[in-house]
Amino acid sequence: MDLKQGTAKTAFDIAERLRDGGHTAYFAGGCVRDFLRKQIPQDFDIATTATPDQVEKLFSKTVPVGKQFGVMLVIENQKNFEVATFRSEGGYQDGRHPTQVKFSAPEEDALRRDFTVNGMFYDPFAQKVIDYVGGKEDIQRRLIRAIGDPAKRFEEDKLRLLRAIRFASFLGYEIESTTWQAIRQRSNEIHQVSPERIRDEMIKIFTRPGAAHGFGLLSESGLMKEILPEIEAMKKVDQSPDYHPEGDVFVHTKLLLEKLKEPSLALALGALFHDVGKPPTYAIREGRITFYEHAPLGAKMTEEIMRRLRFSNQETDAVCSCVENHMKFADVQKMRSGKLKQFIARPNFSEELELHRIDCLSSHGKLDNYVFLKNKLAEYAEEDLKPKPAITGHDLMALGMKPGPKMKQVLEAIYEMQLEGAVKDREQALAAAKNKIKQLDKG
Ligand code: ATP
Ligand code: MG
(Lines give C-alpha, C1' and ligand atoms only; values in the text may rest on other atoms or scores of the structure.)
(Ligands and ions follow the chains in the order given, each with its own letter.)
Protein backbone atom coordinates (compact mmCIF):
# COMPACT_ATOMS: atom_id res chain seq x y z
CA MET A 1 0.00 0.00 0.00
CA ASP A 2 1.35 3.45 -0.83
CA LEU A 3 1.45 5.09 2.59
CA LYS A 4 3.49 8.12 1.54
CA GLN A 5 0.70 10.34 0.30
CA GLY A 6 -2.91 11.40 0.60
CA THR A 7 -5.38 9.89 3.04
CA ALA A 8 -3.25 6.75 3.38
CA LYS A 9 -0.38 8.88 4.72
CA THR A 10 -2.64 10.51 7.31
CA ALA A 11 -3.99 7.09 8.34
CA PHE A 12 -0.41 5.89 8.68
CA ASP A 13 0.44 8.86 10.90
CA ILE A 14 -2.53 8.07 13.14
CA ALA A 15 -1.42 4.43 13.42
CA GLU A 16 2.12 5.58 14.20
CA ARG A 17 0.94 7.86 17.00
CA LEU A 18 -0.99 4.92 18.49
CA ARG A 19 2.03 2.66 18.18
CA ASP A 20 4.29 5.25 19.81
CA GLY A 21 1.77 5.34 22.65
CA GLY A 22 2.40 1.62 23.16
CA HIS A 23 -0.66 0.27 21.31
CA THR A 24 -1.20 -2.07 18.39
CA ALA A 25 -2.87 -0.37 15.40
CA TYR A 26 -4.04 -1.91 12.13
CA PHE A 27 -6.03 -0.69 9.16
CA ALA A 28 -9.30 -2.63 9.07
CA GLY A 29 -12.30 -3.56 6.95
CA GLY A 30 -13.14 -1.95 3.61
CA CYS A 31 -9.76 -0.29 3.03
CA VAL A 32 -7.92 -3.63 3.24
CA ARG A 33 -10.42 -5.16 0.83
CA ASP A 34 -9.97 -2.27 -1.60
CA PHE A 35 -6.17 -2.46 -1.37
CA LEU A 36 -6.27 -6.20 -2.24
CA ARG A 37 -8.57 -5.38 -5.17
CA LYS A 38 -5.90 -2.91 -6.35
CA GLN A 39 -8.25 0.02 -5.75
CA ILE A 40 -7.24 3.15 -3.88
CA PRO A 41 -9.18 3.10 -0.59
CA GLN A 42 -11.40 6.13 0.07
CA ASP A 43 -11.68 5.90 3.84
CA PHE A 44 -9.49 4.21 6.35
CA ASP A 45 -10.81 2.60 9.50
CA ILE A 46 -8.26 1.84 12.19
CA ALA A 47 -8.52 -0.93 14.78
CA THR A 48 -6.40 -0.70 17.91
CA THR A 49 -5.75 -2.03 21.41
CA ALA A 50 -6.09 1.55 22.71
CA THR A 51 -9.33 2.27 24.59
CA PRO A 52 -11.51 5.29 23.67
CA ASP A 53 -10.12 7.24 26.64
CA GLN A 54 -6.58 6.59 25.46
CA VAL A 55 -7.52 7.61 21.90
CA GLU A 56 -9.03 10.83 23.24
CA LYS A 57 -5.76 11.67 25.01
CA LEU A 58 -3.53 10.95 22.01
CA PHE A 59 -5.37 13.11 19.43
CA SER A 60 -6.43 16.73 19.56
CA LYS A 61 -9.68 16.39 17.58
CA THR A 62 -11.91 13.45 18.43
CA VAL A 63 -15.66 12.78 18.46
CA PRO A 64 -17.07 10.02 20.67
CA VAL A 65 -19.42 8.64 17.96
CA GLY A 66 -19.85 5.23 19.62
CA LYS A 67 -17.67 5.46 22.68
CA GLN A 68 -19.57 2.75 24.61
CA PHE A 69 -18.83 0.32 21.73
CA GLY A 70 -15.21 1.48 21.52
CA VAL A 71 -15.66 3.63 18.40
CA MET A 72 -14.08 7.09 18.19
CA LEU A 73 -13.76 9.48 15.29
CA VAL A 74 -10.33 11.08 14.88
CA ILE A 75 -10.19 14.15 12.67
CA GLU A 76 -6.85 14.84 10.98
CA ASN A 77 -6.21 16.95 7.87
CA GLN A 78 -9.96 17.68 7.63
CA LYS A 79 -10.67 13.96 7.20
CA ASN A 80 -12.53 11.60 9.49
CA PHE A 81 -10.98 8.32 10.62
CA GLU A 82 -12.88 5.74 12.62
CA VAL A 83 -10.55 4.49 15.34
CA ALA A 84 -12.11 1.53 17.12
CA THR A 85 -10.88 -0.65 19.95
CA PHE A 86 -10.58 -4.36 19.04
CA ARG A 87 -13.80 -5.87 20.35
CA SER A 88 -16.11 -8.84 20.34
CA GLU A 89 -19.86 -8.55 20.53
CA GLY A 90 -22.17 -10.56 22.71
CA GLY A 91 -25.94 -11.04 22.70
CA TYR A 92 -28.08 -9.46 19.99
CA GLN A 93 -31.65 -8.72 21.06
CA ASP A 94 -33.58 -6.75 18.48
CA GLY A 95 -32.09 -8.31 15.35
CA ARG A 96 -29.91 -5.31 14.87
CA HIS A 97 -27.81 -4.09 17.85
CA PRO A 98 -25.38 -5.94 20.09
CA THR A 99 -26.45 -5.71 23.73
CA GLN A 100 -22.85 -5.64 24.94
CA VAL A 101 -19.32 -5.40 23.62
CA LYS A 102 -16.11 -6.59 25.19
CA PHE A 103 -12.67 -5.26 24.29
CA SER A 104 -10.67 -8.14 22.89
CA ALA A 105 -7.85 -9.39 20.67
CA PRO A 106 -7.61 -8.71 16.89
CA GLU A 107 -8.69 -12.24 15.96
CA GLU A 108 -11.97 -11.96 17.88
CA ASP A 109 -12.54 -8.55 16.34
CA ALA A 110 -12.17 -10.12 12.88
CA LEU A 111 -14.71 -12.83 13.76
CA ARG A 112 -17.43 -10.33 14.72
CA ARG A 113 -17.28 -8.66 11.28
CA ASP A 114 -19.86 -9.47 8.62
CA PHE A 115 -18.18 -10.88 5.49
CA THR A 116 -14.76 -12.42 4.90
CA VAL A 117 -13.75 -9.76 2.37
CA ASN A 118 -14.52 -7.11 5.03
CA GLY A 119 -12.84 -8.96 7.88
CA MET A 120 -9.13 -8.43 7.24
CA PHE A 121 -6.51 -6.16 8.83
CA TYR A 122 -3.42 -4.51 7.39
CA ASP A 123 -0.35 -3.89 9.50
CA PRO A 124 0.98 -0.61 8.07
CA PHE A 125 4.43 -1.01 9.67
CA ALA A 126 5.11 -4.58 8.51
CA GLN A 127 3.08 -3.80 5.35
CA LYS A 128 1.26 -7.12 5.65
CA VAL A 129 -2.33 -8.25 5.38
CA ILE A 130 -3.54 -10.14 8.47
CA ASP A 131 -6.28 -12.54 7.45
CA TYR A 132 -8.00 -14.71 10.09
CA VAL A 133 -11.11 -15.39 8.01
CA GLY A 134 -10.03 -16.43 4.49
CA GLY A 135 -10.86 -13.06 2.98
CA LYS A 136 -7.96 -13.14 0.53
CA GLU A 137 -9.21 -16.30 -1.20
CA ASP A 138 -12.73 -14.93 -1.38
CA ILE A 139 -11.49 -11.78 -3.09
CA GLN A 140 -9.76 -14.02 -5.64
CA ARG A 141 -12.93 -16.09 -6.05
CA ARG A 142 -15.04 -12.94 -6.09
CA LEU A 143 -17.35 -14.19 -3.36
CA ILE A 144 -19.31 -12.62 -0.52
CA ARG A 145 -19.24 -15.14 2.32
CA ALA A 146 -20.47 -14.62 5.87
CA ILE A 147 -17.82 -15.08 8.56
CA GLY A 148 -18.67 -18.16 10.65
CA ASP A 149 -22.16 -19.67 10.54
CA PRO A 150 -24.22 -17.60 8.08
CA ALA A 151 -27.54 -18.46 9.75
CA LYS A 152 -26.26 -17.19 13.10
CA ARG A 153 -24.71 -14.06 11.62
CA PHE A 154 -27.94 -13.00 9.91
CA GLU A 155 -29.94 -13.88 13.05
CA GLU A 156 -27.76 -11.43 15.01
CA ASP A 157 -28.13 -8.50 12.65
CA LYS A 158 -30.71 -8.37 9.86
CA LEU A 159 -29.06 -5.36 8.23
CA ARG A 160 -26.40 -7.81 7.03
CA LEU A 161 -29.01 -9.29 4.64
CA LEU A 162 -28.91 -6.05 2.69
CA ARG A 163 -25.22 -5.44 3.22
CA ALA A 164 -24.49 -8.78 1.52
CA ILE A 165 -26.40 -7.63 -1.56
CA ARG A 166 -24.79 -4.18 -1.43
CA PHE A 167 -21.22 -5.54 -1.38
CA ALA A 168 -21.96 -8.20 -4.02
CA SER A 169 -23.41 -5.59 -6.37
CA PHE A 170 -20.76 -2.94 -5.83
CA LEU A 171 -17.86 -5.39 -6.08
CA GLY A 172 -19.46 -7.42 -8.89
CA TYR A 173 -19.19 -10.59 -6.76
CA GLU A 174 -21.49 -13.57 -6.31
CA ILE A 175 -22.80 -14.66 -2.94
CA GLU A 176 -21.45 -17.98 -1.64
CA SER A 177 -24.15 -20.66 -1.56
CA THR A 178 -24.70 -21.27 2.18
CA THR A 179 -24.62 -17.51 2.75
CA TRP A 180 -27.12 -17.11 -0.07
CA GLN A 181 -29.44 -19.79 1.34
CA ALA A 182 -29.35 -18.12 4.74
CA ILE A 183 -30.34 -14.79 3.16
CA ARG A 184 -33.21 -16.33 1.20
CA GLN A 185 -34.53 -18.09 4.29
CA ARG A 186 -34.66 -14.85 6.26
CA SER A 187 -35.59 -12.24 3.69
CA ASN A 188 -38.94 -11.60 5.41
CA GLU A 189 -37.09 -10.61 8.61
CA ILE A 190 -35.66 -7.47 7.00
CA HIS A 191 -38.52 -5.49 8.55
CA GLN A 192 -36.68 -5.62 11.88
CA VAL A 193 -34.33 -3.04 10.34
CA SER A 194 -35.44 0.60 10.50
CA PRO A 195 -36.70 2.17 7.26
CA GLU A 196 -33.89 4.73 7.46
CA ARG A 197 -31.21 2.02 7.41
CA ILE A 198 -32.97 0.22 4.57
CA ARG A 199 -33.08 3.54 2.70
CA ASP A 200 -29.35 4.11 3.17
CA GLU A 201 -28.53 0.65 1.78
CA MET A 202 -30.90 1.24 -1.17
CA ILE A 203 -29.11 4.50 -1.95
CA LYS A 204 -25.75 2.74 -1.94
CA ILE A 205 -27.00 -0.17 -4.07
CA PHE A 206 -28.60 1.99 -6.75
CA THR A 207 -26.23 4.96 -7.02
CA ARG A 208 -22.97 2.99 -7.07
CA PRO A 209 -21.58 0.72 -9.80
CA GLY A 210 -23.36 -2.63 -10.02
CA ALA A 211 -26.92 -1.34 -9.56
CA ALA A 212 -28.33 -3.81 -12.10
CA HIS A 213 -26.58 -6.73 -10.37
CA GLY A 214 -28.01 -5.55 -7.04
CA PHE A 215 -31.48 -5.27 -8.60
CA GLY A 216 -31.33 -8.92 -9.69
CA LEU A 217 -29.96 -10.11 -6.34
CA LEU A 218 -32.60 -8.18 -4.37
CA SER A 219 -35.31 -9.91 -6.35
CA GLU A 220 -33.81 -13.42 -6.30
CA SER A 221 -33.13 -13.24 -2.56
CA GLY A 222 -36.75 -12.38 -1.78
CA LEU A 223 -35.73 -9.01 -0.30
CA MET A 224 -37.30 -7.02 -3.15
CA LYS A 225 -40.71 -8.55 -2.42
CA GLU A 226 -40.36 -7.38 1.19
CA ILE A 227 -38.93 -3.90 0.64
CA LEU A 228 -40.25 -2.92 -2.80
CA PRO A 229 -43.16 -5.23 -3.70
CA GLU A 230 -44.23 -2.70 -6.35
CA ILE A 231 -40.95 -3.38 -8.21
CA GLU A 232 -41.20 -7.15 -7.77
CA ALA A 233 -44.63 -6.88 -9.43
CA MET A 234 -42.96 -5.71 -12.67
CA LYS A 235 -41.72 -9.26 -13.28
CA LYS A 236 -43.44 -11.03 -16.17
CA VAL A 237 -45.53 -7.96 -17.04
CA ASP A 238 -45.33 -8.18 -20.84
CA GLN A 239 -45.00 -5.15 -23.07
CA SER A 240 -45.79 -4.48 -26.70
CA PRO A 241 -42.92 -6.10 -28.66
CA ASP A 242 -42.68 -3.27 -31.24
CA TYR A 243 -41.72 -0.68 -28.61
CA HIS A 244 -40.15 -3.13 -26.20
CA PRO A 245 -38.35 -5.94 -28.01
CA GLU A 246 -36.24 -6.45 -24.86
CA GLY A 247 -38.99 -8.11 -22.82
CA ASP A 248 -41.03 -7.46 -19.68
CA VAL A 249 -41.05 -4.36 -17.46
CA PHE A 250 -38.58 -5.88 -14.97
CA VAL A 251 -36.07 -6.75 -17.71
CA HIS A 252 -36.47 -3.28 -19.23
CA THR A 253 -35.80 -1.59 -15.87
CA LYS A 254 -32.71 -3.72 -15.30
CA LEU A 255 -31.35 -2.59 -18.68
CA LEU A 256 -31.74 1.05 -17.61
CA LEU A 257 -29.87 0.39 -14.37
CA GLU A 258 -27.00 -1.13 -16.37
CA LYS A 259 -26.56 2.19 -18.14
CA LEU A 260 -26.19 4.38 -15.04
CA LYS A 261 -22.79 6.05 -14.62
CA GLU A 262 -22.18 7.84 -11.31
CA PRO A 263 -25.85 8.84 -11.24
CA SER A 264 -27.45 11.36 -8.91
CA LEU A 265 -30.00 9.89 -6.51
CA ALA A 266 -32.83 11.34 -8.62
CA LEU A 267 -31.58 9.68 -11.81
CA ALA A 268 -30.85 6.32 -10.14
CA LEU A 269 -34.22 6.10 -8.41
CA GLY A 270 -35.93 7.70 -11.40
CA ALA A 271 -34.66 4.78 -13.49
CA LEU A 272 -35.72 2.27 -10.83
CA PHE A 273 -39.25 3.65 -10.48
CA HIS A 274 -40.03 5.14 -13.91
CA ASP A 275 -42.34 2.27 -14.93
CA VAL A 276 -43.57 1.26 -11.48
CA GLY A 277 -47.06 2.34 -12.59
CA LYS A 278 -47.13 -0.25 -15.38
CA PRO A 279 -48.22 -3.41 -13.54
CA PRO A 280 -51.46 -1.84 -12.19
CA THR A 281 -52.32 -0.14 -15.51
CA TYR A 282 -51.70 -3.15 -17.79
CA ALA A 283 -54.63 -3.59 -20.18
CA ILE A 284 -55.17 -5.13 -23.61
CA ARG A 285 -57.05 -2.76 -25.91
CA GLU A 286 -57.83 -3.66 -29.51
CA GLY A 287 -55.35 -6.47 -29.34
CA ARG A 288 -52.51 -4.30 -28.03
CA ILE A 289 -50.83 -4.16 -24.63
CA THR A 290 -51.28 -0.69 -23.11
CA PHE A 291 -50.40 1.09 -19.87
CA TYR A 292 -52.61 4.22 -19.93
CA GLU A 293 -51.61 6.92 -17.45
CA HIS A 294 -48.85 4.78 -15.97
CA ALA A 295 -46.59 7.81 -15.50
CA PRO A 296 -48.84 9.87 -13.18
CA LEU A 297 -49.87 6.75 -11.27
CA GLY A 298 -46.19 5.74 -11.06
CA ALA A 299 -45.34 9.15 -9.59
CA LYS A 300 -48.00 8.65 -6.89
CA MET A 301 -46.69 5.18 -6.11
CA THR A 302 -43.11 6.48 -6.02
CA GLU A 303 -44.13 9.15 -3.54
CA GLU A 304 -45.72 6.53 -1.28
CA ILE A 305 -42.67 4.25 -1.48
CA MET A 306 -40.22 7.06 -0.76
CA ARG A 307 -42.28 8.29 2.22
CA ARG A 308 -42.35 4.75 3.54
CA LEU A 309 -38.53 4.63 3.34
CA ARG A 310 -38.20 8.10 4.94
CA PHE A 311 -36.59 9.90 2.01
CA SER A 312 -36.59 13.70 2.32
CA ASN A 313 -39.25 15.79 0.57
CA GLN A 314 -36.63 17.20 -1.77
CA GLU A 315 -35.38 13.75 -2.81
CA THR A 316 -38.93 12.49 -3.22
CA ASP A 317 -39.99 15.46 -5.36
CA ALA A 318 -37.02 15.09 -7.70
CA VAL A 319 -37.62 11.37 -8.29
CA CYS A 320 -41.39 11.84 -8.67
CA SER A 321 -40.75 14.51 -11.30
CA CYS A 322 -38.61 12.02 -13.27
CA VAL A 323 -41.37 9.41 -13.12
CA GLU A 324 -44.27 11.78 -13.79
CA ASN A 325 -42.67 13.41 -16.84
CA HIS A 326 -40.89 10.53 -18.53
CA MET A 327 -43.63 9.96 -21.13
CA LYS A 328 -43.78 13.66 -22.10
CA PHE A 329 -40.47 13.27 -23.90
CA ALA A 330 -42.34 11.47 -26.67
CA ASP A 331 -44.21 14.73 -27.48
CA VAL A 332 -41.39 17.27 -27.44
CA GLN A 333 -41.23 17.62 -31.22
CA LYS A 334 -44.91 18.57 -31.27
CA MET A 335 -44.72 21.12 -28.46
CA ARG A 336 -45.05 24.83 -29.23
CA SER A 337 -41.81 26.65 -28.48
CA GLY A 338 -43.28 28.38 -25.40
CA LYS A 339 -44.27 25.05 -23.84
CA LEU A 340 -40.97 23.48 -24.85
CA LYS A 341 -38.93 26.25 -23.24
CA GLN A 342 -40.84 25.84 -19.99
CA PHE A 343 -40.32 22.08 -20.17
CA ILE A 344 -36.57 22.55 -20.60
CA ALA A 345 -36.26 25.27 -17.95
CA ARG A 346 -37.50 22.98 -15.15
CA PRO A 347 -34.89 22.38 -12.44
CA ASN A 348 -34.82 18.60 -12.97
CA PHE A 349 -34.51 18.64 -16.74
CA SER A 350 -30.94 17.41 -17.26
CA GLU A 351 -31.55 14.30 -15.15
CA GLU A 352 -34.86 13.65 -16.89
CA LEU A 353 -33.19 13.97 -20.28
CA GLU A 354 -30.59 11.39 -19.31
CA LEU A 355 -33.37 9.13 -18.01
CA HIS A 356 -35.12 9.51 -21.36
CA ARG A 357 -31.91 8.59 -23.20
CA ILE A 358 -31.33 5.37 -21.26
CA ASP A 359 -35.06 4.56 -21.39
CA CYS A 360 -34.90 4.64 -25.23
CA LEU A 361 -31.63 2.70 -25.36
CA SER A 362 -33.18 0.04 -23.13
CA SER A 363 -36.14 -0.46 -25.47
CA HIS A 364 -36.69 0.58 -29.11
CA GLY A 365 -33.31 2.34 -29.36
CA LYS A 366 -34.58 5.46 -31.17
CA LEU A 367 -32.95 8.67 -29.97
CA ASP A 368 -34.65 11.24 -32.25
CA ASN A 369 -36.38 13.08 -29.39
CA TYR A 370 -33.15 13.09 -27.42
CA VAL A 371 -31.18 14.51 -30.35
CA PHE A 372 -33.94 17.07 -30.98
CA LEU A 373 -33.71 18.26 -27.35
CA LYS A 374 -29.92 18.38 -27.41
CA ASN A 375 -30.11 20.62 -30.48
CA LYS A 376 -32.75 22.81 -28.86
CA LEU A 377 -30.59 23.13 -25.75
CA ALA A 378 -27.70 24.38 -27.91
CA GLU A 379 -30.03 26.73 -29.80
CA TYR A 380 -31.50 28.15 -26.58
CA ALA A 381 -28.15 28.32 -24.83
CA GLU A 382 -27.84 32.08 -25.28
CA GLU A 383 -31.44 32.77 -24.54
CA ASP A 384 -33.04 33.50 -21.19
CA LEU A 385 -35.38 30.53 -20.73
CA LYS A 386 -36.93 31.99 -17.60
CA PRO A 387 -37.51 35.70 -18.34
CA LYS A 388 -39.48 37.81 -15.90
CA PRO A 389 -43.17 37.74 -16.92
CA ALA A 390 -44.01 40.92 -18.88
CA ILE A 391 -47.26 41.39 -16.92
CA THR A 392 -48.51 40.23 -13.52
CA GLY A 393 -51.83 39.69 -11.76
CA HIS A 394 -51.78 43.32 -10.66
CA ASP A 395 -51.94 44.43 -14.29
CA LEU A 396 -54.95 42.19 -14.87
CA MET A 397 -56.65 43.48 -11.72
CA ALA A 398 -56.15 46.99 -13.07
CA LEU A 399 -58.07 45.78 -16.15
CA GLY A 400 -60.93 44.76 -13.84
CA MET A 401 -60.16 41.05 -13.52
CA LYS A 402 -60.50 39.18 -10.24
CA PRO A 403 -57.85 36.72 -9.01
CA GLY A 404 -58.79 33.11 -9.77
CA PRO A 405 -58.34 30.27 -12.27
CA LYS A 406 -59.25 32.51 -15.23
CA MET A 407 -56.56 35.02 -14.31
CA LYS A 408 -54.04 32.17 -14.06
CA GLN A 409 -55.07 30.97 -17.51
CA VAL A 410 -54.53 34.44 -19.02
CA LEU A 411 -51.14 34.88 -17.34
CA GLU A 412 -49.97 31.48 -18.55
CA ALA A 413 -51.11 32.15 -22.11
CA ILE A 414 -49.33 35.51 -22.19
CA TYR A 415 -46.15 34.03 -20.70
CA GLU A 416 -46.10 31.34 -23.39
CA MET A 417 -46.51 34.03 -26.08
CA GLN A 418 -43.63 35.90 -24.50
CA LEU A 419 -41.44 32.77 -24.68
CA GLU A 420 -42.51 32.22 -28.30
CA GLY A 421 -41.56 35.81 -29.16
CA ALA A 422 -45.15 36.73 -30.09
CA VAL A 423 -45.16 39.26 -27.26
CA LYS A 424 -42.06 41.43 -26.94
CA ASP A 425 -42.82 43.99 -24.23
CA ARG A 426 -45.28 45.06 -21.58
CA GLU A 427 -47.40 47.06 -23.99
CA GLN A 428 -47.83 44.10 -26.37
CA ALA A 429 -48.48 41.82 -23.39
CA LEU A 430 -51.29 44.07 -22.13
CA ALA A 431 -52.88 44.17 -25.58
CA ALA A 432 -52.66 40.39 -25.88
CA ALA A 433 -54.13 40.01 -22.39
CA LYS A 434 -57.14 42.16 -23.31
CA ASN A 435 -57.73 39.95 -26.37
CA LYS A 436 -57.39 36.78 -24.37
CA ILE A 437 -59.87 38.03 -21.75
CA LYS A 438 -62.37 38.86 -24.50
CA GLN A 439 -61.92 35.38 -26.00
CA LEU A 440 -62.50 33.73 -22.64
CA ASP A 441 -65.56 35.90 -21.93
CA LYS A 442 -67.10 34.82 -25.23
CA GLY A 443 -66.70 31.24 -23.97
P1 ATP B 1 -18.48 1.79 2.78
O2 ATP B 1 -17.96 1.94 1.40
O3 ATP B 1 -19.97 1.80 2.82
O4 ATP B 1 -17.88 2.70 3.81
P5 ATP B 1 -17.16 -0.34 4.30
O6 ATP B 1 -16.63 -1.65 3.87
O7 ATP B 1 -16.20 0.67 4.83
O8 ATP B 1 -18.08 0.26 3.16
P9 ATP B 1 -18.74 0.08 6.62
O10 ATP B 1 -20.21 -0.08 6.64
O11 ATP B 1 -18.18 1.45 6.66
O12 ATP B 1 -18.21 -0.73 5.38
O13 ATP B 1 -18.15 -0.77 7.83
C14 ATP B 1 -16.73 -0.89 8.10
C15 ATP B 1 -16.39 -2.31 8.53
O16 ATP B 1 -17.06 -2.63 9.77
C17 ATP B 1 -16.87 -3.35 7.53
O18 ATP B 1 -15.92 -3.54 6.51
C19 ATP B 1 -17.08 -4.56 8.43
O20 ATP B 1 -15.86 -5.19 8.69
C21 ATP B 1 -17.57 -3.96 9.72
N22 ATP B 1 -19.06 -3.86 9.80
C23 ATP B 1 -19.83 -2.78 9.49
N24 ATP B 1 -21.13 -3.02 9.69
C25 ATP B 1 -21.21 -4.28 10.14
C26 ATP B 1 -22.30 -5.12 10.54
N27 ATP B 1 -23.56 -4.70 10.48
N28 ATP B 1 -21.99 -6.36 10.99
C29 ATP B 1 -20.70 -6.79 11.05
N30 ATP B 1 -19.66 -6.06 10.68
C31 ATP B 1 -19.89 -4.82 10.23
MG1 MG C 1 -16.67 2.70 5.66
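The legends below describe close-up views of a predicted model.

**View 1**

**View 1. An open, mixed sheet is built from 7 strands.**
The strand order is β3-β4-β5-β2-β1-β8-β9. Strands β3 (62–66) and β9 (128–130) form the edges. Each has a single partner strand, so one side of each has no neighbour in the sheet. From one strand to the next, the twist averages 35°.

**View 2. Strands β1 and β2 pair in the antiparallel sense.**
Residues 25–28 make up β1, and residues 45–48 make up β2. The pair is joined over 4 bridges. Opposite Y26 stands A47 of β2. Helix α1 (residues 6–20) packs on the sheet. This helix touches β1, β2, β4 (71–76) and β5 (79–85). The directions of α1 and β5 make an angle of about 35°.

Leaving out residues up to four places away in sequence, D114 touches R145, A146, I147, R160, R163 and F167.

**View 3. The largest nonpolar core holds 86 residues.**
Nonpolar side chains tend to be buried together in soluble globular proteins. In this core, F27, I144, F206, L228, I231 and F273 touch the most other members. Helix α7 (residues 159–171) gives the most to the core, with 8 residues. Domain 1 (6–138) and domain 2 (228–379) each supply at least three residues.

**View 4. I231 is one of the core residues that touch the most other members.**
The contacts of I231 are F215, M224, F250, L272, F273 and V276, with residues up to four places away in sequence not counted. A second core is separate and has 13 residues. Among them are V332, F343, A345 and F349.

**View 5. A266 is a buried residue of helix α14.**
Helix α14 spans residues 265–273. With a relative accessible area of 9%, A266 is under the 20% limit and therefore counts as buried. A266 and D317 are 51 residues apart in sequence. Their C-alpha atoms are 8.9 Å apart in space. A266 touches A318, V319, C322 and E351, not counting residues up to four places away in sequence.

**View 6. Helix α18 has buried residues that pack against other helices.**
Helix α18 covers residues 337–344. Its buried residues are G338, L340, K341, F343 and I344. An α-helix has 3.6 residues a turn, so residues three or four places apart point the same way. The buried residues of α18 pack against α19 (349–361), α20 (368–380) and α22 (405–420). F343 also belongs to the second, separate core of 13 residues.

Conventions. Residues numbered from 1 in each chain as written. Chains lettered and ligands numbered in written order. Predicted model: local features only at pLDDT ≥ 70, side-chain atom pairs only at ≥ 80, totals over all residues. Heavy atoms only, no water. Contact = heavy atoms within 4.5 Å. Pairing = 2+ DSSP bridges. Helix = DSSP H or I, 4+ residues; strand = E, 2+ residues; numbered from the N terminus. Axes fitted to C-alpha atoms, helices over the stretch in contact; angles between N-to-C directions. Core = buried A, V, L, I, M, F, W, Y, C linked by side-chain atoms within 4.5 Å. Buried < 20%, exposed > 50% of the residue type's maximum accessible area, 1.4 Å probe, protein only. Domains from an automatic or database assignment.
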